[in-house]
Amino acid sequence: MKRAGIFAAALVLAAPAVALANGRYPAGSQLVIDPTNPQHLAVSATFGLLESRDGGKTFGWMCEAAIGTSGQQDLMLAIAGSGATVVAMFNGITTTSDGCTYRSAPELANKTMGDLAWSRSTPHQLVAFWLEFKAGGTFGSQIVQSSDNGQSWSPIADALAPELYPLTIDVAPSLPSRVYLSARGDRNKNFGSMLMRSDDGGATFTSADIPETEEHRLTYIAAVHPTDPDRIYLRVFDMPGTVIQMSSDGGRTFQKIFTGTEQLLGFAISPDGTQMAVGGPNDGLWVGSADGTNLARRSDVGATCLTWTKDALYACADYKTAGFSIGRSSDSGATFEGLFRYDELCGRAAACGGSTTARCSEEWELIAPAVGATCADAGASDASTDASTGDTSRDAGPTVEAGPPATGGMPPPAADDSGGCTSARSARGASRFGPLAWLVAVALPLRRLFAALKNKQRSSRLRASREP
Amino acid sequence: MDFSIRFELNAVFLTGALFLACGSSSPDIDSGSGGTGGTGGSGMSDAADETPPGDLDATSGDAAPDRVIPGTRDGAADGAGDTRGTMDASVPDGMTPQPDATTPRPDATTMPDTTTPMPDGMTPPQDTTTPPPGDASTPEDLIREMLGRLKVAEIEAKTRELESKSLPDRFTKSATYTAATEWVRDFMAIEAPNATARFDEWDGYRNVEFTIKGTDPTAGLYIIGGHLDSVKNTVAMDDDGSGALGVALIARALSFYRYQADIRCVIFDAEEGGLIGSAHYAQALKASGCEASTCLKVYINLDEIAYDPSNRMNLRIWSDSTELKNLNTQVNLTYGLGLTLTMGTGSCHRSDDCSFSDQGYTTIYNFQTTQSPYYHMPGDTSDTLNFTYLTKNLQITAAVVATAAVPIGRAP
């Protein structure tokens, strides 16, 4: 089904299971900040990719068609040391350096990527894994790495054991050779989760069962402590609410440190490693010591993502309740300054030009009313008129680049071109909206259009919301 | 609304049934103890499946001796030479619903014996507790018997069989999707010969429709639907293998009986692509003259109805119809299904229910209350499903439709 739609009904129902989709649409699920340029932020939203190059004052929207995503999951993001935004999807990994031109890694074409991570200390090196379902309830999966800011990828080792269903991967910020992988076991493990630890960059692992995760209580890595590679935080998908577990000995033993009333989608550790923040749409924001003690509800902001830098604690939230979509706190979550609201977006800006502007225009027709955007067509071109290129096609074929980045005909945006209502950076992209275009063409009712718009991957959202 | 009539009409029998369920020694429906994981059953129904089970043990195909009812038939034998289970090649345009079922029906509010004004224009109920001549079974008996055909082990086996045919996914227009539709059609032709199958095809898309023709042209139409297509790279056994296969299995169970109203069980294509299959179907239905007031009484959507790792047995029911929600509640009690029902409102929840509500039809959407973390992921496999929960959800749906359509006997 279309998860997006559950949102509205869930709000009406206000029943325990509303966490199913609370904030599902529109919402942000991951916020990452450039390790070398704090002015560069990227947000994985349920309706595409948002990027800011002015510290969050303004954001530009990139539609999913232009990115080249299959559109059935939330994007998993990283900003590499080069400043390139790396996007993992269900059909591979793509990167962009200018926000307009996306280059997909051909060696991962059509691979279902499960997760993506990198280390603060070596941000040009990234790890990820792909997975696929095999007959008999087994899985094919493999960890891959990139040493060139996500441009090219190669396997670290052989495929993972077929009984493993990998869920999340992370690298210790203070020790790049320490890689953690969470995975679900098979029937022999009663479908419980395990934490696997590698001290050789993901080549070999030791594993330990995570207690109280049997029967599909999937476990996602929430964060690895910034200074202590042996301390790792996990989020266990449990009913009725997420359980936060912590290991202080590299995954040998675990302890519960917090239980939400519903899903906890945001988690972050302060850069100095002294504080932790955890929250969710129905639990507000809790802050305490990084060892899991002294947790106290600090605010009512229902975070759907959290990221903590030396400057501030950032949160994604539903602006209808929190007043902002992206906010920033300078007092450890007690108060938030709203940076941006999704209804401030102007998606049809023609910053990148080309036929993909038309593609994004199609999506914008659906997204604008959903996010409440009312701005005028800030520089956007209709599909029929792209003044810069003369491109009149809505139907240009897939044009996401595989291989060297394309440069011709795509004027890169200025470094700070995302100001105001201006910055839908369109790139050439393959559209998954063939049927959607048809729907638009025949002008079906709006709710039908919404239904057609979003097939979002929920669990990637759970995975993605983590400390970068 | 005409459905109100149907509901009121059945409320009487349900009220009586409630007494029976509470005060008699009639065994409750037992969905078994399947739970998640495990294997069991075969991919095909055995001989016991063809004999209406006399007891209510959904795990057993054995008919209790004291419940064997005259009129029991061997469906397999009768169906051996019956072509109704095969695709209807005579339909010239597979894109449109069958004409006989789409013809607007007379307004059923002109039922006889209307002597007392009813709220909201409803007509007084008919006495449906009296079985038709030649059949000593009450509607409750028939429904209880019908529910016994939905067995945990068999549903699990069928689900796993579908999964084995779904690699790497059932993306719309893919070979696996096409093969899955043919597999469903083929096993239904053998196991549900009284359900008429039809492919609804256009532009490379394909819905699969199973029709159980009613006996009363004025009694309306009831549709149950789910989508068989998936997103890419997942076998999608919860979203929506559970609903799509469930629709077929409900059709199979229902097909052993006769009803006043028409019943259709439809497997939709391309829900993930934008509700394309259901939109096509609902639009064609409406264009054919099937009106909400006189023809399609309700569309019941099944999408993601099998994930319940904690055995909460809680089913969410979205509908704007209080009568329909009440009917679910009463059926759940009457047949001892043991579900906890969480009621909600709305007629469009970004699934195929929207396609029908867009056309003005009344809808119900049954949906699991535990979110699957495997949603749209490769891990959405049979191993994650709770087959007892799935079975109960199919049973309540089948019971609601059967009650509303009014069973009048076993199929000949």
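How many helices and strands does the secondary structure of chain B come to? I count 12 helices and 10 strands in chain B. Helices (H or I, at least four residues) and strands (E, at least two) are DSSP runs, numbered from the N terminus.

**Conventions.** I am working on a predicted model, where local features need pLDDT of at least 70, side-chain atom pairs count only at pLDDT 80 or more, and totals for chains, interfaces and linings use all residues. Residues are numbered from 1 along each chain as its sequence is written, while chains are lettered from A and ligands numbered from 1 in the order in which they are written.

**Chain B, overall.** I looked up burial next. Of the 412 residues in chain B, 62% count as buried. A residue is buried if 20 or more other C-beta atoms lie within 10 Å of its own, exposed if 12 or fewer, and partly exposed in between, with C-beta atoms placed from the backbone. Then I checked contacts (C-beta atoms, placed from the backbone, within 7 Å). Among chain B contacts between residues at least 6 apart in sequence, 83% join residues at least 24 apart.

I started from strand 22, residues 275-280 of chain A. Five of its six residues are buried. Pairing here requires at least two DSSP bridges between two strands. Strand 21 (residues 266-269) runs antiparallel to strand 22, with four bridges. Ala268(A) has Ala277(A) as its bridge partner in strand 22. The two strands form a hairpin with five residues between them. In that turn, Gly273(A) has a positive phi of about 80°.

On to strand 23, residues 284-289 of chain A. Six bridges join it to strand 22, again antiparallel. Met276(A) has Gly288(A) as its bridge partner there. Three residues link strands 22 and 23 of chain A in a hairpin.

I found an open sheet of four strands, ordered 25-26-27-28, with antiparallel pairing. Strand 25 (305-308) and strand 28 (337-340) are the edges, each pairing on one side only. The twist averages 25° from one strand to the next, using axes fitted as lines to C-alpha atoms (for helices, over the stretch in contact) and angles from 0 to 180 degrees between N-to-C directions. Strand 27 (residues 326-329) pairs with strand 28 over three bridges. Arg328(A) stands opposite Glu337(A) in strand 28.

**Gly372(A).** I placed this residue in the loop between helix 4 (355-371) and strand 29 (401-402) of chain A. Why does Gly372(A) count as partly exposed? Because it has 14 C-beta neighbours inside 10 Å. Arg341(A) is 31 residues from Gly372(A) in sequence and 9.6 Å away in space, C-alpha to C-alpha.

Note on methods. Two residues are in contact if their C-beta atoms, placed from the backbone, lie within 7 Å.
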